[in-house]
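Hello,

Here is the structure I promised to pass on. Please have a look, then read my notes below.

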Amino acid sequence: MFESLSDRLTGALKDLRGKGRLSDADIDTTCREIRLALLDADVALPVVRSFIGKIKERAKGAEVSGALNPAQQVVKIVNEELIAILGGETRRVQFAKNPPTVIMLAGLQGSGKTTLAGKLAKWLKDQGHTPLLVACDLQRPGAVSQLQIVGERAGAAVFAPHPGTSVGDSEIEIRVADPINVARAGIEEANAKQYDVVIVDTAGRLGIDMELMQQAAGIRDAVEPDETLFVLDAMIGQDAVSTAESFRDGVGFTGVVLTKLDGDARGGAALSVREVTGMPIMFASTGEKLEEFDVFHPDRMASRILG
Ligand code: GDP
């Protein structure tokens, strides 16, 4: 992802090299190229506009500083503004003062929630936490068993419903496999067995759907999550922004997880999500394997994009 954007940005900035002084016309030309590169990469128009506005203003007003030549100064400004649109600081998980910390996952079907549940569980275990995965995606056939598989791979416990019977090896009875009841029972299980983080996997649909939103909102109200992570497939292109807005308005979230960053799509929508929703990108997933996952660092991503 971002290869083509990266090539074009570095190309645009390279043209400035060797110039002793940058005229306003030089900066305008470079900004035009950067603008086109961002639009071609599917970065949302309002994000492109404000980004270019800031670069122009800062580049034109830039004092010549001792160590950097004018071209390097523009590169520095672009880098800083790129970090800013990606969220600036790295945003860490906020753990609850009184465990368990509840992390709810929301997003479209296929965005990578269930896979992420396993990745998060492994990441948490590596830090000494004891996560419990709770299977509240009762919509997609196979989602529960998929969660059990990723849980096993991550070495984490999974709490899953068996309709009309007891749940897992818990004492708690679930009479109907209702995701909200399962979510509540999952929290009780965590309290009873002292798991310190609960990861709640929820159902997604292929498109935005009111019933899905209401169900996710119901689970949210039942479990009162400390973090709600909106899982966003970076490959879905321009729809990413409207999907993120719908989830923000319908369910609300505290952070974004970008998945499939290993894909070859243009990826610019992923660059827009922080600005558009105001919520930080917290994790990035770069493959199907459990370890292909990390905390999202805006500065590292900006360096990668600028080559
Ligand atoms: P869910 O419907 O949101 O639970 O999505 P899944 O976790 O089932 O993921 C959908 C598909 O995307 C699966 O085939 C996953 O293996 C795959 N997947 C998830 N995350 C990534 C990723 O970061 N990169 C790639 N290439 N595939 C991923």
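A nitrogen atom of the ligand sits 2.7 Å from a side-chain N or O atom of Asp262. That is a polar contact, meaning a pair of N or O atoms within 3.5 Å. Gln146 also uses its side chain: one of its N or O atoms is 3.0 Å from a ligand oxygen. With Gly287 the backbone takes part, and an N or O atom there lies 3.1 Å from an oxygen atom of the ligand. On its own the ligand exposes 590 Å², and the protein buries 80% of that. Areas come from the Shrake-Rupley method with a 1.4 Å probe; for residues, only the protein chains shown count as cover.

Around the ligand there are 16 residues, each with a heavy atom within 4 Å of it. The closest are Gly110, Thr114, Thr115, Ser285 and Glu288.

A word on the source. This is a predicted model: local features need pLDDT of at least 70, side-chain atom pairs count only at pLDDT 80 or more, and totals for chains, interfaces and linings use all residues. Residues are numbered from 1 along each chain as its sequence is written, and side-chain values use heavy atoms, leaving out hydrogens and water.

Now the chain as a whole. It has 11 helices and eight strands. These are DSSP runs, numbered from the N terminus: helices (H or I) have at least four residues, strands (E) at least two. The C-alpha atoms fill a box of roughly 75 × 35 × 30 Å along the principal axes. Of the 307 residues, 50% are buried (under 20% relative accessible area; exposed is over 50%, partly exposed in between, with a 1.4 Å probe and protein chains only).

Most residues other than glycine have a negative phi, and most peptide bonds are trans. Pro99 and Pro100 are joined by a cis peptide bond, with omega about 5°. Pro100 belongs to the loop between helix H4 (70-85) and strand E1 (101-107). Gln194 has a positive phi, near 60°. It lies between helix H7 (179-193) and strand E4 (197-202), in a loop. Its relative accessibility is 67%, so Gln194 counts as exposed. Glu224 has a positive phi too, about 45°. Its loop runs between helix H8 (210-223) and strand E5 (227-233). Glu224 is exposed because its relative accessible area is 63%.

Best wishes

Note on methods
A polar contact is a pair of N or O atoms within 3.5 Å; within protein, one must be able to donate a hydrogen and the other to accept it, and residues adjacent in sequence count only if both atoms are side-chain atoms.
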